[in-house]
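Subject: Structure handover

Hi,

Here is the structure I promised to pass on to you. Please have a look through it, and then read on for my notes.

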Amino acid sequence: MTFGVYVHWPFCAAKCPYCDFNSHVRTAIDEDGWVDGILSELQWVAENQAGRPVVESIFFGGGTPSLMQGRSVGRVLQKIAALWPMANDVEITLEANPASADAARFADYRAAGVNRVSLGAQALNDPDLKALGRLHDVKEAKAALALAMGLFARVSLDLIYARPNQSDTQWRSELKEALSFGTDHLSLYQLTIEPETPYALLHRNGQLRIPDDDLAAGLYETTQELTEQAGLPAYEISNHARPGQESHHNLIYWRYGDYAGVGPGAHGRLDLGGRRTATAAIKLPERWRDTVTKAGHGFGELISVSSDEAAREHLLMNLRLAEGLDLAAYEQRWGEGLDARKIAALSDAGFVALEDGRLRATAKGRLLLNRVIEELV
Ligand SMILES: C[S@@+](CC[C@H](N)C(=O)[O-])C[C@H]1O[C@@H](n2cnc3c(N)ncnc32)[C@H](O)[C@@H]1O
Ligand code: SF4
């Protein structure tokens, strides 16, 4: 079973109005103390997990992990290396915000072992960056990208599309520019209006005009067309890579491997005491830290996942991927395969395609993935 470690750093310099990630703004951060909490959780996972799987990927996400000092990243990596065997080609990614991309700190990350950076550019024009509440402009985003590409062999860029007032023409030229930078991986997210964010309020009050469904579908198609032309096709709904440059970490999630998720609000899927367990850490950083200090971990939820539920999760995750689901492997893992008649009916309706023993969601099916899963299980 593939295994990865996700480390959540829950702090940001400012909260972007569209974002509902578990991210918090704090004036002073006792960084060593927060890292101590993360180390405790890692220790707890290693002690309670069945076996000692090889770590194939580590991902520092957030929040804004590029606010961490290199020393803190190093402490976490040393702890992971002390607890688990590490794959020779382990992928170690850190998410960076251009507003906190500092040359000396990036060099420290590299010295600590980070070998991949995922940079949140979000947009490539200043008015839109401002509307997104970003603390950086395009010049700074490009400087951060050049810095990252100079230091790390693997760099990914995040952009958000279907933004307020965005046209197909604008997105085409922006995406072409993003592709011209030459990164081998792009995460291209369609803007979602998340409940209880400032954007949700503006949207409700009619102060935020986002593309309607038709335009958004057109933008999605433009995204597929341009990325395919450039040799970075989608390998997942929002993730594009030159073949071979897919994020190992993303693939662990979507191929339904095991991953430990540590830090406030992190999620994991692990074999604990012989049972597949969904872990969810307490979201509020201060409450998480108190709990870690008392109990050694801050997992507010440790829920064992029934075999039926796990099979369903496996299906949902695999069908997000362009490579789809290996039907034989699925049947072997869960002891029961999918119903051939149901597959045939969904295939006739154009939601899935079956080829060489792999089941894939079509573009139409991907838009209604939950419904497709309902039909299949
Ligand atoms: C944790 S953030 C990345 C790192 C860093 N915090 C930053 O913003 O630069 C993960 C990514 O999720 C995407 N994202 C966040 N909220 C979103 C939303 N409401 N709709 C679409 N994409 C979103 C952004 O592209 C962002 O880069
Ligand atoms: S998008 Fe990134 S920087 Fe902005 S609030 Fe969310 S996690 Fe923080």
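A word on terms before the cavities: on a 1 Å grid over the protein atoms alone, a cavity is a set of points where a 1.4 Å probe fits but cannot get out. Its volume is the space filled by probe spheres set on those points. Please also keep in mind that this is a predicted model.

**Cavities**

With that rule, there are two cavities of 30 Å³ or more.

The largest cavity holds about 40 Å³ of space. Around it you will find Arg116, Arg154, Val155, Ser156, Asp184, His185 and Gln245. Here strand E5 (residues 154-161) supplies the largest share of the lining, with three residues. The lining of the largest cavity divides into three charged, three polar and one nonpolar residue.

**The second largest pocket**

Moving on to open space, the second largest pocket contains about 300 Å³. It is lined by 13 residues, and those nearest its centre are Tyr330, Glu336, Gly337, Leu338 and Val377. Two elements give two or more residues to this lining, helix H11 (307-320) and helix H12 (327-334). H11 gives the most, with four residues. By class, the lining of the second largest pocket has six nonpolar, five charged and two polar residues.

**Ligand 2**

The residues surrounding ligand 2 are Cys12, Ala14, Lys15, Cys16, Tyr18, Cys19, Ser23, Gly63, Thr64, Asn97 and Arg134. That shell has five nonpolar, four polar and two charged residues.

Two members of the shell turn up again elsewhere in these notes. For Gly63, the point of interest is the backbone: a cis peptide bond joins glycine 62 and glycine 63, with omega at about 20 degrees. Glycine 63 is found in the loop between E2 and helix H2 (70-83).

**Aromatic contacts**

How many aromatic pairs does a search of the whole structure find? The count is twelve. In one of them, the ring centres of tyrosine 6 and phenylalanine 59 are 6.1 Å apart and the planes are at 20 degrees, so the pair is stacked. Tyrosine 6 lies in strand E1 (residues 3-9) and phenylalanine 59 in strand E2 (residues 55-62), so the pair ties together parts that are 53 residues apart in sequence. Tyrosine 6 and phenylalanine 59 are both buried.

Another pair is formed by tyrosine 18 and tyrosine 199: the ring centres are 6.1 Å apart and the planes are at 65 degrees, so this pair is edge-to-face. Tyrosine 18 lies in the loop between E1 and helix H1 (31-48), and tyrosine 199 in helix H7 (residues 198-204), so the pair ties together parts that are 181 residues apart in sequence. Tyrosine 18 counts as buried at 10% relative accessibility, and tyrosine 199 is buried with a relative accessible area of 3%.

There is also an aromatic cluster formed by Trp9, Phe11, Trp34 and Trp288. Arginine 289 lies over the face of one of its members, tryptophan 34, at 5.0 Å from the ring centre. Elsewhere, lysine 364 lies over the face of phenylalanine 351, at 4.8 Å from the ring centre.

**Single residues to check**

Two residues other than glycine have a positive phi. Glutamine 122, in strand E4 (residues 116-122), has a phi of about 70 degrees. At 9% relative accessibility, glutamine 122 counts as buried. Asparagine 165 has a phi near 60 degrees and sits in the loop between E5 and helix H6 (168-180). In contrast to glutamine 122, which is buried, asparagine 165 is exposed, with a relative accessible area of 60%.

Finally, histidine 240 is in strand E8 (residues 239-241) and is buried, with a relative accessible area of 0%. Its C-alpha atom is separated by 6.2 Å from that of serine 187, 53 residues away along the chain.

Best wishes

Technical notes
Residues are numbered from 1 along each chain as its sequence is written. Chains are lettered from A and ligands numbered from 1 in the order in which they are written. This is a predicted model: local features need pLDDT of at least 70, side-chain atom pairs count only at pLDDT 80 or more; totals for chains, interfaces and linings use all residues. Side-chain values use heavy atoms; hydrogens and water are left out. A residue is near a molecule or strand if one of its heavy atoms lies within 4 Å of it. Ala, Val, Leu, Ile, Met, Phe, Trp, Tyr, Cys and Pro count as nonpolar, Asp, Glu, Lys and Arg as charged, and the others, Gly among them, as polar. Rings of Phe, Tyr and Trp (its six-membered ring) pair if their centres lie within 6.5 Å; planes under 30 degrees apart count as stacked, over 60 as edge-to-face and the rest as tilted. Buried means under 20% relative accessible area, exposed over 50%, partly exposed in between (1.4 Å probe, protein chains only). A charge sits over a ring if NZ of Lys or CZ of Arg is within 6 Å of the ring centre and within 35 degrees of the ring normal. On a 1 Å grid over the protein atoms alone, a cavity is a set of points where a 1.4 Å probe fits but cannot get out, and a pocket is an open set with protein on both sides within 12 Å along at least five of seven lines; lining residues have an atom within 4 Å of a point.
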